[in-house]
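Hi everyone, thanks for coming. Let me put the structure up, and then we can walk through it together.

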Amino acid sequence: LLVSKDLGKHLLEVEDLLQKHGLLEADISAQTERVQALNAAALKFSELEGYQPCDPQIICNRVNHVQTCLEELGELAGKRRKELEDSRQLWAFFQEMEEAEAWIREKEKILATKTCGRDLSSVLTLTTKHKSMLGELGNRRALLHQSMKRGEQILAKKRFSPGGIQEKMREVRLRWKKLEEVTGLHQQRLQEALNFFQFSAETDDLVAWLQDTYRIVSSDDFGHDDYSTQALLRKHRAVVEEVEKHRAAVLALRKQVALLAPEHGQGVDIQIRVVEVEQLYGEVAEVAVLRQQWLQDALAVYRMFSEVHACEVWVDEKEQWLEKMVVPEELDEVEVVQHRFESLDQEMNSVMGRILDVNQVVQQLVDGGHPSSEEVRSCQDHLNSRWNRVVELVEQKKSQLSSVLKIQNYLLEC
């Protein structure tokens with residue numbers, strides 16, 4: 001049993017042989033105690049004095065022979081156990097290699113059937129799963145490294161033919177290298193798909209923002225008075241700032257496309273998409289500039305109307321006063337009225353400056369092709385007409401005052 005060359009043909013068989021060998025070792029251990037007891041009893045016969053039933057030398061030789069046989073049996077048992085353990089290590093190594101190959105084949109099939117997703121959500125899901133697989137790959141790599149190390153140790157002992165071991169290690173290393181290459185390639189494809197769908201999603205968000213902004217900047221609401229128009233102008237300026245902030249994102253689209261994988265970045269659809277976004281941004285920026293100008297013009301019109309109204313209130317008041325005023329004939333009263341006209345001259349100079357400003361604003365609006373040019377021009381003409389009427393009345397009253405003063409002075413001289 002101990003000199004048998006049967007070391008098993010697979011791991012389970014070796015385990016079975018080791019179990020049987022363990023029983024044999026237990027039996028040897030039990031017989032060892034018996035042999036030692038018998039040897040001790042036999043040696044007592046070699047120590048008798050007087051009558052000796054057997055030659056003491058024969059007894060000693062017999063005891064030594066049995067002891068030597070027992071020791072040889074123990075050595076054979078130890079050698080057999082070492083060979084079986086080495087065999088178990090060998091077949092355990094081969095089983096680990098087979099398990100590694102089976103795991104590699106399974107992952108190769110999974111990678112062969114994997115797609116890169118059809119939208120951003122599916123790509124993110126696949127990316128998460130792939131990261132989990134990379135974790136498994138790392139764990140399996142550590143186990144494979146330990147198995148390869150055990151294979152090297154088996155080769156170093158030189159107890160078995162190295163051909164099968166080296167061949168198996170070479171095959172597994174090649175398959176593992178191929179698996180890592182395929183895994184890396186799939187990861188690269190996932191990243192490329194992720195970049196593309198992220199670019200598409202960001203572009204869609206940008207387009208949606210531009211479309212919303214276009215509806216805002218193309219509004220025909222320019223306010224109904226000075227206050228409301230100023231509020232709209234403040235809001236519009238904030239929109240213009242946002243449009244300007246998005247300029248960099250639009251300009252960066254072509255660079256982002258250039259960084260995409262060829263199968264994504266060189267498609268006609270994506271090139272057309274970029275051009276459409278650039279055109280839409282250009283339209284938004286252009287309409288935003290126009291709306292700002294229109295709001296400023298509307299604000300100028302409302303301020304002009306407000307100024308015209310203030311001037312007309314003053315003109316109306318002075319016109320009524322001048323029409324109702326009767327030039328006095330008494331010198332003292334004439335001097336009082338003359339002082340009032342001196343104050344009126346100062347007021348007229350101030351109002352005249354405001355009316356000139358109104359005329360300048362009107363001319364700018366008309367030259368700029370403002371849609372309310374006719375209404376603005378009509379308002380200007382009406383104000384100038386009334387102003388001219390006040391000027392005529394003032395000149396008329398001054399002339400009357402001058403005549404009265406001449407008469408009073410003449411009478412005084414007389």
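How many Å separate the centres of domain 1 and domain 3, taken over C-alpha atoms? The answer is 143 Å. Before going on, this is a predicted model, where local features need pLDDT of at least 70 and side-chain atom pairs count only at pLDDT 80 or more, while totals for chains, interfaces and linings use all residues. Residues are numbered from 1 along each chain as its sequence is written, and side-chain values use heavy atoms, with hydrogens and water left out.

The domain assignment gives domain 1 (1-86), domain 2 (194-297) and domain 3 (299-413); such bounds come from an automatic or database assignment.

Now, a helix pair. Helix H5 (residues 226-245) packs with helix H9 (residues 268-324) at about 160°, their axes 10 Å apart. That makes H5 roughly antiparallel to H9 (angles over 145 degrees, on a scale from 0 to 180 between N-to-C directions). Axes here are lines fitted to C-alpha atoms over the stretch in contact, and helices are DSSP runs of H or I, at least four residues.

Contact means heavy atoms within 4.5 Å. On the H5 side, the contact residues include Leu 232, Leu 233 and His 236; on H9, Ala 288, Arg 291 and Leu 295 are among them.

Finally, charges. The structure holds 27 salt bridges, each a side-chain nitrogen of Lys or Arg within 4 Å of a carboxyl oxygen of Asp or Glu. One joins Arg 141 to Glu 180, with the closest N and O atoms 2.8 Å apart. Arg 141 sits in helix H3 (residues 120-157) and Glu 180 in helix H4 (residues 162-217), so the pair ties together parts 39 residues apart in sequence.

Key. Helix = DSSP H or I, 4+ residues; strand = E, 2+ residues; numbered from the N terminus. Parallel < 35°, antiparallel > 145°, perpendicular 65-115°, else oblique.
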